[in-house]
Amino acid sequence: MGMILKCSKPLLVSILSAPFSRLNCVINLQNRQFCLSVRTHRNSEIKSSRIRCCSVSSQQKSELWLYNTMSREKEKFKPRVPGKVGIYVCGVTAYDLSHIGHARVYVTFDVLFRYLRHLEYEVCYVRNFTDVDDKIIARANELGEEPLSLSRRYCEEFHTDMEFLHCLPPSVEPRVSDHMPQIIDMINKILENGCAYRIDGDVYFSVDKFPAYGKLSGRKLEDNRAGERVAVDSRKKNSADFALWKAAKQGEPFWESPWGPGRPGWHIECSAMSAAYLGYSFDIHGGGMDLVFPHHENEIAQSCSACKHSNVSYWMHNGFVTVDSEKMSKSLGNFFTIRQVIDLYHSLALRFFLLGTDYRSPVNFSNVRLEHASDRAFYIYQTLHDCEAFISQDDATIEKGSIPPHIQTINNKLHQDFVESMSDDINTPDALAALSDPLKTINDLLHTSKVFILFPDCNHIS
């Protein structure tokens with residue numbers, strides 16, 4: 001039975017991602033407490049040298065297909081550089097605690113990050129912080145706090161939330177305030193290429209200079225609404241033109257530039273920072289569905305206007321978390337912070353809840369669904385705890401057992417179903433469902449005191 005721990009844990013870690021070295025604690029799931037005194041991989045005396053756990057075999061490695069928002073269809077994933085993947089995911093604007101809509105974005109791309117690493121790609125995952133923004137300035141003024149101090153504080157709060165959710169840290173985590181030279185340089189290139197114009201210290205992108213504007217969202221210029229995070233300004237040549245640089249206002253943070261003191265607009269930051277760490281062309285750009293327009297549409301326009309060879313191979317967007325079929329957002333006031341939810345449910349229950357729905361579909365927030373997710377998470381970890389507690393009694397005897405054919409069949413099906421699900425646009429609901437039969441088998445064996453070595457040829461997902 002030691003084999004099931006060596007093989008089923010990595011599958012769980014890849015999705016639920018609880019690091020088992022942290023399970024020596026009391027977990028509170030839906031007001032239930034149980035102590036998991038589980039041995040870690042590092043400290044375990046289960047002899048790894050006697051257990052065959054290999055990396056991804058050529059037989060089990062399935063082609064990865066991802067839904068591309070640009071083409072509106074699933075496409076076979078092919079990285080620009082064989083063996084390497086560059087991902088940029090838009091991060092939070094750091095002015096308040098993150099809500100579970102944010103949690104969905106970063107849990108989704110955490111699973112993608114983990115699965116690509118499982119497929120043995122070398123992944124550079126870039127996720128930024130917006131720490132210079134109108135919302136940050138407004139919130140800082142309300143609290144009587146310096147804007148950059150406020151944003152630093154909420155960046156750290158975000159890190160705490162990501163640790164609660166067991167999201168791996170990205171490879172790089174740039175902040176706008178640290179990348180003014182790169183932002184100014186890109187704006188200069190856009191101006192030099194005739195795609196932007198200056199007005200009284202402001203710099204605006206001219207959407208009329210970019211004929212492909214709207215290709216990601218499918219929107220036409222006449223569909224654009226001024227005021228939707230696009231400033232209403234009679235000085236603009238087109239109401240859809242957006243700010244690349246904003247002239248300094250009294251009491252606001254500013255940086256020097258060729259156009260005078262000021263700060264960047266919202267969209268230019270991600271174009272500049274993605275280019276700085278991944279180049280003008282890279283593999284995957286991700287974020288929530290609400291970023292398709294205007295943010296990602298404007299990123300495309302800016303990046304292509306700065307460098308004509310700019311290109312993102314795959315645009316990925318997750319669906320909304322909804323409340324009564326309405327998008328959860330701070331602007332609507334119908335949101336729950338991550339902290340509010342995990343005060344009532346364990347963070348792994350929240351992660352399980354978010355991954356129980358296809359990432360592109362909306363997921364409706366409800367206590368009933370969270371309670372169901374809590375039950376499932378409790379069942380999984382209680383099963384693993386019981387299993388390890390049982391096999392720890394006599395590892396040597398256990399490892400002498402044989403594998404019955406029906407157990408090997410379950411093992412093979414688990415890995416086939418898991419790889420097929422994850423390779424089909426990161427289908428986490430089906431991947432989680434694939435764990436049901438093996439977990440039931442573990443419990444059956446435990447309850448009947450039968451001891452077998454299970455699932456010998458597991459692939460490790462770290």
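Strand 7 and strand 8 (residues 202–205) run antiparallel to each other and pair over four bridges. The model is predicted, so local features need pLDDT of at least 70 and side-chain atom pairs count only at pLDDT 80 or more, while totals for chains, interfaces and linings use all residues. Residues are numbered from 1 along each chain as its sequence is written, and side-chain values use heavy atoms, with hydrogens and water left out.

**The protein overall**

- The protein has 14 helices and 15 strands.
- Of its 462 residues, 58% are buried (buried means under 20% relative accessible area, exposed over 50%, and partly exposed in between, with a 1.4 Å probe and protein chains only).
- Among contacts between residues at least 6 apart in sequence, 78% join residues at least 24 apart (a contact means heavy atoms within 4.5 Å).

- Arg-198 stands opposite Val-203 of strand 8.
- Lys-236 sits in the loop between strand 8 and strand 9 (242–247).
- Lys-236 is buried, at a relative accessible area of 9%, and its side chain reaches the backbone oxygen of Asp-241 at 2.7 Å (a polar contact is a pair of N or O atoms within 3.5 Å; within protein, one must be able to donate a hydrogen and the other to accept it, and residues adjacent in sequence count only if both atoms are side-chain atoms).

- Another open sheet has three strands in the order 14-13-15, with mixed pairing.
- Which strands stand at its edges? Strand 14 (326–327) and strand 15 (363–364) do; each has a single partner strand, so one side of each lacks a neighbour in the sheet.
- Strand 13 (residues 321–323) pairs with strand 15 in the parallel sense over two bridges.
- Within strand 15, Asn-364 is the bridge partner of Thr-322.

**Helix 5 against helix 7**

- Helix 5 (residues 180–192) and helix 7 (residues 292–306) pack with their axes 8 Å apart, at an angle of about 75°.
- The two helices, helix 5 and helix 7, are therefore roughly perpendicular to each other (angles under 35 degrees count as roughly parallel, over 145 as roughly antiparallel, 65 to 115 as roughly perpendicular and the rest as oblique).
- Met-186, Lys-189 and Ile-190 of helix 5 meet Gln-302, Ser-305 and Ala-306 of helix 7.
- By class, this contact of helix 5 with helix 7 has three nonpolar, two polar and one charged residues (Ala, Val, Leu, Ile, Met, Phe, Trp, Tyr, Cys and Pro count as nonpolar, Asp, Glu, Lys and Arg as charged, and the others, Gly among them, as polar).
- Is Ser-305 buried or exposed? Ser-305 is buried, with a relative accessible area of 6%.
- The side chain of Ser-305 reaches the backbone oxygen of Ala-301 at 2.7 Å.
- Not counting residues up to four places away in sequence, Ser-305 touches Lys-189, Ile-190, Asn-193, Cys-195, Phe-205 and Phe-210.
- Lys-189 is partly exposed, with a relative accessible area of 28%.
- With the exclusion of residues up to four places away in sequence, Lys-189 touches Tyr-280, Ser-305 and Ala-306.
- Lys-189 and Cys-307 are 118 residues apart along the chain, yet their C-alpha atoms are separated by 8.1 Å.

**Backbone details to look up**

- Phe-293 and Pro-294 are joined by a cis peptide bond with omega of about 5°, and Pro-294 lies in helix 7.
- His-166, in the loop between helix 4 (147–164) and helix 5, has a positive phi of about 60° although it is not a glycine.
- His-166 counts as buried at 13% relative accessibility.
- Asp-425 is found in the loop between helix 12 (405–423) and helix 13 (428–433), and its phi is near 60°, a positive value in a residue other than glycine.
- Asp-425 is buried, with a relative accessible area of 1%.

Technical notes. Pairing = 2+ DSSP bridges. Axes fitted to C-alpha atoms, helices over the stretch in contact; angles between N-to-C directions.
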